[in-house]
Amino acid sequence: MNFRRVLPALALTGLMAAAPIAAMAQARAHVHGQLKLDIAIDGPTVVIEMESPLDNFVGYEHAPKSESEKKMADDAVAQLRAADQLFKIDPAANCKLGPVALRSAALGLGKTETGAGEGHADLDGTFAFNCTKATEAKFIELGLFGAFKGLRQVDAQIVSPDGQFKRTLKRPATRLAWGGSK
Ligand SMILES: [Zn+2]
């Protein structure tokens, strides 16, 4: 069973795609196989906020117990910390990976908010990139589907000087592109 938490107002409309981005940003869903990215292009930085069920990265949602579970967690964390491999930003923006912050209560990472719900756990992250021409960025090549087999869909919102965009990427697509058409 999928476990969902959405704002009641959004659930009532049943048309999340039509909801304004400001409202979308407050919606928090926990659906296995899906993760959410909020991408902000601002001044010299590109900041990616990721919200995801822990299951997407390791296939379970509890504190790791066995050696194999611990190894899966270590591997996933290492891959997420090497975020310039998962998020290859348009070379025109000339970005370098800056601070990465990961949060997961189940894995004992960072400061976490309340849990995702009974029997569920999240792994969220903030990935900051420092760029010389951040506003030139028009796409990001995502390595997420290659790295994490359980992931099927990425829902992204991009806020840039060109405007706000909402994109959904499904396996095996890798290019998250915006700009040009709104
Ligand atoms: Zn879950």
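1. His120 is buried, at a relative accessible area of 18%, while His32 is partly exposed at 24%. Buried here means under 20% relative accessible area, exposed over 50%, and partly exposed in between (1.4 Å probe, protein chains only).

2. A word on the basis: this is a predicted model, in which local features need pLDDT of at least 70 and side-chain atom pairs count only at pLDDT 80 or more, whereas totals for chains, interfaces and linings use all residues. Residues are numbered from 1 along each chain as its sequence is written, and side-chain values use heavy atoms, with hydrogens and water left out.

3. The zinc ion is held by His30 (NE2), His32 (NE2), Glu61 (OE) and His120 (ND1) at 1.8 to 2.0 Å. Donors are N, O and S atoms within 2.8 Å of the metal (3.2 Å for Na, K and Ca); water is not among the atoms, so sites may look incomplete. The arrangement is tetrahedral because the four donor atoms subtend angles of 101 to 122°; four donors count as tetrahedral if all angles lie between 85 and 135 degrees.

4. Now the hydrophobic side: Leu37, Phe87 and Leu144 touch the most other members of the largest nonpolar core, which has 44 residues. Such a core is a set of buried Ala, Val, Leu, Ile, Met, Phe, Trp, Tyr and Cys residues joined through side-chain atoms within 4.5 Å.

5. Beyond its neighbours within four places in sequence, Leu144 is in contact (heavy atoms within 4.5 Å) with Leu35, Leu37, Leu86, Phe87, Leu151 and Val154.

Notes:
Four donors count as tetrahedral if all angles lie between 85 and 135 degrees; four count as square planar and six as octahedral if opposite donors are over 155 degrees apart and all others between 65 and 115; anything else is irregular.
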